[in-house]
Amino acid sequence: AGFLRVVAEWSESDLSYFAGIIDGEGCFSLKSRGGHRFGTCLHVGNTDPRLAQWLHARFGGTVTFHPYDNPRHKDDWRWTAAAGDLIEIITAVVPYLKLKREQAELMLAYRRTVAPAKGRTRSTSKTPEAFQRTRLQIREQITNLNRRGKAMTA
């Protein structure tokens, strides 16, 4: 059994529910790996472990427990999907997203700049400069969309 569940197993209700979860509790992020290289992740955090277990059962990924020292905060459970598996997940869920569709589309655009892995490695020394610039622009856009605080209005 691989990381990713078979796409045909995802019902429309699973995908629409998942989109609502992502819109409310999810975060798309690009973690710096140096220069123009970033690790792609989708995280969902919640204080009820059943949500992370549901996501894991349907979409693979990993589940981790995060305790807090501050008694004012509840401990939480985080589901994470990363790397190339995001393409299938995001492609399936993006039609249902309302609030985080732009971040999802940017994540797909970033993944299109990544060469396929050869075995367990991926060559980054031959990444065209245009792709490098695109990656940095995408990272900036996702970072701006993920900023906390007052929403910017046009």
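Reader: Why is Cys-41 called buried?

Author: Its relative accessible area is 10%. Buried means under 20%, exposed means over 50%, and partly exposed is what falls in between (1.4 Å probe, protein chains only). The value of 10% is under the limit of 20%, so Cys-41 counts as buried. A word on the basis: this is a predicted model, where local features need pLDDT of at least 70 and side-chain atom pairs count only at pLDDT 80 or more, while totals for chains, interfaces and linings use all residues. Residues are numbered from 1 along each chain as its sequence is written, and side-chain values use heavy atoms, with hydrogens and water left out.

Reader: What makes Asp-48 and Arg-50 a salt bridge?

Author: The term asks for a side-chain nitrogen of Lys or Arg within 4 Å of a carboxyl oxygen of Asp or Glu. Between the side chains of Asp-48 and Arg-50, the distance from N to O is 2.6 Å. That is within the limit, so the pair qualifies. Asp-48 is partly exposed at 25%, whereas Arg-50 is exposed at 60%. As background, side chains of opposite charge can pair when their charged atoms come close.

Reader: How many salt bridges are there by this rule?

Author: The count comes to four. One of them joins Arg-78 and Asp-76 at 3.3 Å, N to O. Here Arg-78 is partly exposed, at 27%, and Asp-76 is buried, at 11%. Another joins Glu-129 and Arg-133, with N and O 3.9 Å apart. That value is still within 4 Å, so this pair belongs in the count too.

Reader: Where do Glu-129 and Arg-133 lie?

Author: Both sit in helix H5 (residues 129-146), four residues apart, or about one turn of the helix. Glu-129 is exposed at 59%, and Arg-133 is partly exposed at 47%.

Reader: What makes a stretch a helix or a strand, and how many of each does the protein chain have?

Author: They are DSSP runs numbered from the N terminus: helices are H or I with at least four residues, strands are E with at least two. By that rule the protein chain has five helices and four strands, in the order α-β-β-α-β-β-α-α-α from the N terminus on.

Reader: What makes a set of residues a nonpolar core, and which members touch the most others?

Author: A nonpolar core is a set of buried Ala, Val, Leu, Ile, Met, Phe, Trp, Tyr and Cys residues joined through side-chain atoms within 4.5 Å. The largest such core has 33 residues, and Phe-18, Leu-55, Phe-59, Trp-79 and Ile-90 touch the most other members. Among the elements that each supply at least two residues of this core are helix H1 (12-25), strand S1 (26-32), helix H2 (49-59) and strand S4 (76-82). Across the 154 residues of the protein chain, 34% count as buried.

Reader: Why is Thr-113 called buried?

Author: Thr-113 has a relative accessible area of 7%, under the cut-off of 20%, so the word applies. This residue is in the loop between helix H4 (101-111) and H5. Leaving aside neighbours within four places in sequence, Thr-113 is in contact (heavy atoms within 4.5 Å) with Phe-131, Thr-134 and Arg-135.
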